[in-house]
Amino acid sequence: MTNARIAARFGHVLVVEDNSIIALQLEMVLAELGVPRVTLAADAQAALEALAAHRIDVALVDVMLDRGDSRDVVAVLRERSIPHVIMTGLESAAPMLGQAASAPVLNKPFLPQELETALEQLCGE
């Protein structure tokens, strides 16, 4: 299932997800796509620290986290022009997304193919 285009474009993916099972599943799917490096962050603070410490090529960001939401993370991603995918279990995440509304949105639960399609979309930008 390796996707050479995704693997070449996104060498380091940040996954911001507070549900550890979902985070590990995403890590496995990204590995299957050929992504060489994945950093997991369970909350906004950990995500902001990862963004400060690493060169991140793309981020997968859950809207609602156990300790708050991901608005600050999305603001930094936009400021640094880092492509990102919004993940949500909310019926309507529009109020939370604000300026991030232009990012691809995956409604949970989603299939690995849907994640691949969203990443492919970002490869073209």
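**Figure 1. Packing of helix 2 against helix 6 in the predicted model**. Helix 2 (residues 20-33) and helix 6 (residues 112-123) pack at an angle of about 60°, and their axes lie 11 Å apart. Helices (H or I, at least four residues) and strands (E, at least two) are DSSP runs, numbered from the N terminus. Axes are lines fitted to C-alpha atoms, for helices over the stretch in contact, and angles run from 0 to 180 degrees between N-to-C directions. The two helices are therefore oblique to each other; under the convention used, angles under 35 degrees count as roughly parallel, over 145 as roughly antiparallel, 65 to 115 as roughly perpendicular and the rest as oblique. The crossing of helix 2 and helix 6 is right-handed, where a crossing is right-handed if the near helix is turned clockwise from the far one by less than a right angle, and left-handed if anticlockwise. Helix 2 contributes Leu26, Val29, Leu30 and Leu33 to the contact, and helix 6 contributes Pro112, Leu115, Glu116 and Leu119; contact means heavy atoms within 4.5 Å. By class, this contact of helix 2 with helix 6 has 7 nonpolar residues, no polar residues and 1 charged residue. Ala, Val, Leu, Ile, Met, Phe, Trp, Tyr, Cys and Pro count as nonpolar, Asp, Glu, Lys and Arg as charged, and the others, Gly among them, as polar.

The model is predicted: local features need pLDDT of at least 70, side-chain atom pairs count only at pLDDT 80 or more, and totals for chains, interfaces and linings use all residues. Residues are numbered from 1 along each chain as its sequence is written, and side-chain values use heavy atoms, with hydrogens and water left out.

Figure 2. Two strands pair if DSSP finds at least two bridges between them.

**Figure 3. Strand 3 and its partners**. In strand 3 (residues 58-62), 5 of the 5 residues are buried, so this strand is largely enclosed by the rest of the structure. Buried means under 20% relative accessible area, exposed over 50%, and partly exposed in between (1.4 Å probe, protein chains only). In a regular strand the side chains alternate between the two faces of the sheet. Here, Val58, Leu60 and Asp62 point one way from strand 3, while Ala59 and Val61 point the other way, and all are buried. Strand 1 (residues 12-16) runs parallel to strand 3 and is joined to it by 4 bridges; Val13 stands opposite Val58. Strand 6 (residues 84-88) also runs parallel to strand 3, with 4 bridges between them. In strand 6, His84 is the bridge partner of Ala59, and Val85 is the bridge partner of Leu60.

**Figure 4. Packing of helix 3 against helix 4**. The axes of helix 3 (residues 44-53) and helix 4 (residues 71-79) are 9 Å apart and meet at an angle of about 20°. That makes helix 3 roughly parallel to helix 4. Their crossing is left-handed. Ala44, Ala47, Leu48 and Leu51 in helix 3 meet Asp72, Val73, Val76 and Leu77 in helix 4. By class, the contact of helix 3 with helix 4 has 7 nonpolar residues, no polar residues and 1 charged residue.

**Figure 5. The loop holding Lys108 and Pro109**. The peptide bond from Lys108 to Pro109 is cis, with omega near -10°. Lys108 counts as partly exposed, at 22% relative accessibility. Not counting residues up to four places away in sequence, Lys108 touches Glu17, Ile22, Asp62, Met87, Thr88 and Gly89.

**Figure 6. Ser81 in its loop**. Ser81 is placed in the loop between helix 4 and strand 6 and, at 63% relative accessibility, counts as exposed. Phi of Ser81 is near 55°, a positive value in a residue other than glycine. Most residues other than glycine have a negative phi, and most peptide bonds are trans.
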